[in-house]
Every structure is written in structure tokens, then in C-alpha cells.
Amino acid sequence: LLSLGLLGICLSSWSEAMSFSSSFQTGRILFLMQQGEHEQALKLYQAASRTNGQHDFELLHQMGLKMLDYGFRQHDPECQLLALFGASISAHEEVYYILDESLRSRFPEIQLVALNALARFQNDRADQALLRALGA
């Protein structure tokens, strides 16, 4: 009975250590994504998923959002345009700011893509953004 208790304590400690390591890896991956080190972050994610034997879909979602944000924040209009296309394809509320801010871009191509993407969103925020853009 004592050995089962010790085994339980050891497994509990090991489980806590693994979740700490996993949370550390998640933070490191997201930090690398934010810094634009996408290739290194993806390699780290692949290694972690091979070790765990499964994918972390929440982490993949966050990685995608970080990548879109990084691309949108670049000064290169082509990077901004690609991020805008990604945001419009995802049609996710968390990337709405990319579409909204793209309406104020100094590049007409980016403005047109943002208008087209917002026209496909069917919610009040998108309608208000479209009205603001068309009224300006």
C-alpha cells in the first residue's frame, strides 16, 4: 500500500513536470512566432507533437493567429496582402482587426481586398466597417 502511494506521488510529480515542460514549450513556440521565427517555431512544434504523439489544435490556432498578425505588421505590402488573404479565408473574429485596419491602408489593392473580405462577413461589425469605408 505504501509503495502504491509513493508511485502515485511520483506519477503526480512527473505529470506536473510534463505539463510544465509542455507549457514552457507552448510559450517558447508562441514567442518564436511573434518574433517572426516561424520556421524554428514550426520545427519545435513538430518535435513536440511527435514526442506527445498528438497535435495540439489550440496551439496550432494560436500559431496561425500569430503568423497572420506578424505578416500584417510588416511594412512590405505583399506580406500585408498575404496576411489579409489569410485573415479573410479564416473568417475568424480574432483577425477582424486586420480587415478593419486594412481599410485605412495607403495601398488601394489592400483596401479592395479588405472590402471584399468584409462583405463576406455577415455581422454588424463588418457592416459598420463597410459603411465607414464607403462613406470616407
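Asp100 and Arg132 form a salt bridge, with their closest N and O atoms 3.0 Å apart. A salt bridge here is a side-chain nitrogen of Lys or Arg within 4 Å of a carboxyl oxygen of Asp or Glu. Asp100 sits in helix 5 and Arg132 in helix 7 (residues 124–135), so the pair ties together parts that are 32 residues apart in sequence. This is a predicted model: local features need pLDDT of at least 70, side-chain atom pairs count only at pLDDT 80 or more, and totals for chains, interfaces and linings use all residues. Residues are numbered from 1 along each chain as its sequence is written, and side-chain values use heavy atoms, with hydrogens and water left out.

- Asp100 is found in helix 5, which spans residues 96–102.
- Asp100 counts as buried because its relative accessibility is 14%.
- The cut-offs are these: buried is under 20% relative accessible area, exposed is over 50%, and partly exposed is in between (1.4 Å probe, protein chains only).
- Arg132, at 47% relative accessibility, counts as partly exposed.
- Leaving aside neighbours within four places in sequence, Asp100 is in contact with Ala129 and Arg132.
- Contact means heavy atoms within 4.5 Å.

- Side chains of opposite charge can pair when their charged atoms come close.
- By the salt-bridge rule, the count comes to five.
- Asp69 forms one of them with Arg73, and the closest N and O atoms are 3.4 Å apart.
- Both Asp69 and Arg73 lie in helix 3, four residues apart, which is about one turn of the helix.
- Asp69 is partly exposed, with a relative accessible area of 25%.
- Arg73 is also partly exposed, with a relative accessible area of 44%.
- Glu101 and Arg73 meet through their side chains in a salt bridge (3.3 Å, N to O).
- Glu101 lies in helix 5 and Arg73 in helix 3, so this pair ties together parts that are 28 residues apart in sequence.
- Glu101 counts as partly exposed, at 30% relative accessibility.
- Salt bridges that share partners join Asp69, Arg73 and Glu101 into one network.

**Helix 2 against helix 3**

- The axes of helix 2 (residues 38–52) and helix 3 (residues 57–73) come within 12 Å and cross at roughly 175 degrees.
- Axes are lines fitted to C-alpha atoms, for helices over the stretch in contact, and angles run from 0 to 180 degrees between N-to-C directions.
- Helix 2 and helix 3 are therefore roughly antiparallel to each other.
- Angles over 145 degrees count as roughly antiparallel, under 35 as roughly parallel, 65 to 115 as roughly perpendicular and the rest as oblique.
- Helix 2 brings His38, Ala41, Leu42 and Tyr45 to the contact, and helix 3 brings Leu59, Leu60, Met63, Met67 and Tyr70.
- By class, this contact of helix 2 with helix 3 has eight nonpolar, one polar and no charged residues.
- Ala, Val, Leu, Ile, Met, Phe, Trp, Tyr, Cys and Pro count as nonpolar, Asp, Glu, Lys and Arg as charged, and the others, Gly among them, as polar.

**Helix 4 against helix 6**

- Helix 4 (residues 77–90) and helix 6 (residues 108–120) have axes that come within 10 Å and cross at roughly 5 degrees.
- That makes helix 4 roughly parallel to helix 6.
- On helix 4, the contact is made by Pro77, Gln80, Leu81, Leu84, Phe85 and Ser88.
- On helix 6, the contact is made by Glu109, Ile110, Val113, Ala114 and Ala117.
- The residues of the contact of helix 4 with helix 6 divide into eight nonpolar, two polar and one charged.

**Ser49**

- Ser49 lies in helix 2.
- Ser49 is buried, with a relative accessible area of 12%.
- Not counting residues up to four places away in sequence, Ser49 touches Gln54 and His55.

**The whole chain**

- The protein has seven helices and zero strands.
- Helices (H or I, at least four residues) and strands (E, at least two) are DSSP runs, numbered from the N terminus.
- Of the 136 residues of the protein, 29% count as buried.
- Residues 24 or more positions apart account for 50% of the contacts with a separation of 6 or more.
- The accessible surface of the protein comes to about 9300 Å², of which 59% belongs to carbon and sulfur atoms.
- Accessible areas come from the Shrake-Rupley method with a 1.4 Å probe, and for residues only the protein chains shown count as cover.
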